[in-house]
Amino acid sequence: MATLLSLRRNQNGRDFVVGDVHGHLAQLRRQLTELRFDPDVDRLLFLGDVIDRGPDSEAVLDLIDQQTYWSVLGNHEAMMIAGLEEPGRDVLHRWNGGEWFYDLPEWRQQELVDKCRTWPWAIELDTGKGRAGLVHANVPDSSWGRVTALLRSIDEQWQSGARLSDSAVEYAAQRLLWDRNLVLKLYRDILDSAAGQQVSGDLMKSPQSQEWIAEAAAETLKPFEVSDIDAVYMGHTFVPNAIQVGKCHFLDSYREAQGERLSIVCVSRA
C-alpha cells in the first residue's frame with residue numbers, strides 16, 4: 001500500500017476518526033457500542049499509535065483490516081518496526097510500553113511488523129463536504145502539500161523495504177510521526193493563556209463528548225489554517241478533550257485516568 005492513501009466517500013454509512021488507542025480495546029468497544037457503530041457499513045479510521053501501554057495491543061493490531069478499520073502509521077508502530085529490524089533500537093520501544101511485543105514468538109513479531117509496514121503514513125478522505133487529511137503527529141509548514149511531497153519522496157523506497165534509519169525515510173518520519181510543532185503551538189498560544197487554562201482545567205475535570213472549538217485572534221489561528229486540505233486530524237500528543245482549532249483537529253485524549261474517553265468524531269455520513 002502507498003504511503004499516501006486516498007479513500008472515497010462512504011456511500012453506505014458513517015466514517016469516524018479515533019485518536020491514539022494504545023491497546024485499550026475494551027474502552028474502544030464500549031464507545032463504539034454507544035455510537036451504534038455498524039461494521040457492515042461504517043468505517044473507523046485510527047490516527048496511529050494503536051499499540052503499547054494498554055493491555056490489548058496485539059488484538060487492536062489484529063482489528064486493523066484496512067477495509068472497515070483503517071489506520072495510518074504512528075510513531076509507536078514505527079518504534080516496533082525499528083525494534084525488530086534494527087539491532088539495538090528495541091530499547092526505545094520497550095521504554096515506551098512495547099515490552100509485550102518482545103514476549104511474542106519471532107514469527108508473530110515479523111507478521112505484525114509486515115502488517116504495519118503496509119499501512120499508509122497519511123490518508124486523504126472524501127467526506128462529501130471536502131477532503132480530510134489524517135496523519136499521526138504534525139503537518140510541516142502548515143501545508144498538506146508538504147505532507148504529500150514528503151511521502152512521494154519516500155514512497156518507492158519505503159515500499160521496497162527501506163529501514164526507518166535511512167536518511168530520507170527518517171526525515172519524513174521525524175516530520176510526520178514525531179514532530180509536535182502544531183500541538184505545541186496549541187498549548188503555548190491557546191491552552192496556556194489565562195482563558196485557555198480555565199477551559200483546559202474544566203475539560204480535564206469533565207471532558208465533553210463533542211470537540212471543543214478553540215477561539216482566538218486570526219493571527220493566532222493562522223498556523224492551524226492548513227493549506228491544500230479542508231481539515232486535518234492528528235493524535236500523538238495528549239489533549240484534555242478533542243479540540244478543533246482552525247482546520248486542525250487534535251484527538252489524543254485517553255490515558256486511562258478516571259473520566260477520560262477516547263476521542264471519536266464522526267467526519268462523514270451517507
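## A pocket to explore

A pocket is an open set of grid points with protein on both sides within 12 Å along at least five of seven lines. With that idea in hand, let's look at this structure, which is a predicted model. Its second largest pocket has a volume of about 290 Å³.

Which residues lie nearest the centre of this pocket? They are Thr127, Lys129, Cys266, Val267 and Ser268, and they belong to a lining of 14 residues. Strand E6 (131-135), strand E8 (231-234) and strand E11 (264-269) are the elements that each give two or more residues to that lining. The largest share, four residues, comes from E11.

## A buried charge

Now find aspartate 155, which sits in helix H6 (residues 144-159). This aspartate 155 is buried, yet it has no salt bridge. How far away is the nearest side chain of opposite charge? That side chain belongs to arginine 152, and it is 9.6 Å away.

Aspartate 155 does have a polar partner: its side chain makes a polar contact with the side chain of glutamine 159, at 2.7 Å.

## An exposed loop residue

For a contrasting stop, look at glutamine 11, in the loop between strand E1 (4-7) and strand E2 (14-18). Is glutamine 11 buried or exposed? Glutamine 11 counts as exposed because its relative accessibility is 57%, and the cut-off for exposed is over 50%.

Terms used:
Residues are numbered from 1 along each chain as its sequence is written. This is a predicted model: local features need pLDDT of at least 70, side-chain atom pairs count only at pLDDT 80 or more; totals for chains, interfaces and linings use all residues. Side-chain values use heavy atoms; hydrogens and water are left out. On a 1 Å grid over the protein atoms alone, a cavity is a set of points where a 1.4 Å probe fits but cannot get out, and a pocket is an open set with protein on both sides within 12 Å along at least five of seven lines; lining residues have an atom within 4 Å of a point. Grid points are joined across faces, edges and corners, and a volume is the space filled by probe spheres set on the points. Buried means under 20% relative accessible area, exposed over 50%, partly exposed in between (1.4 Å probe, protein chains only). Lys and Arg count as positive and Asp and Glu as negative; His and the chain ends are not counted. A salt bridge is a side-chain nitrogen of Lys or Arg within 4 Å of a carboxyl oxygen of Asp or Glu. A polar contact is a pair of N or O atoms within 3.5 Å; within protein, one must be able to donate a hydrogen and the other to accept it, and residues adjacent in sequence count only if both atoms are side-chain atoms.
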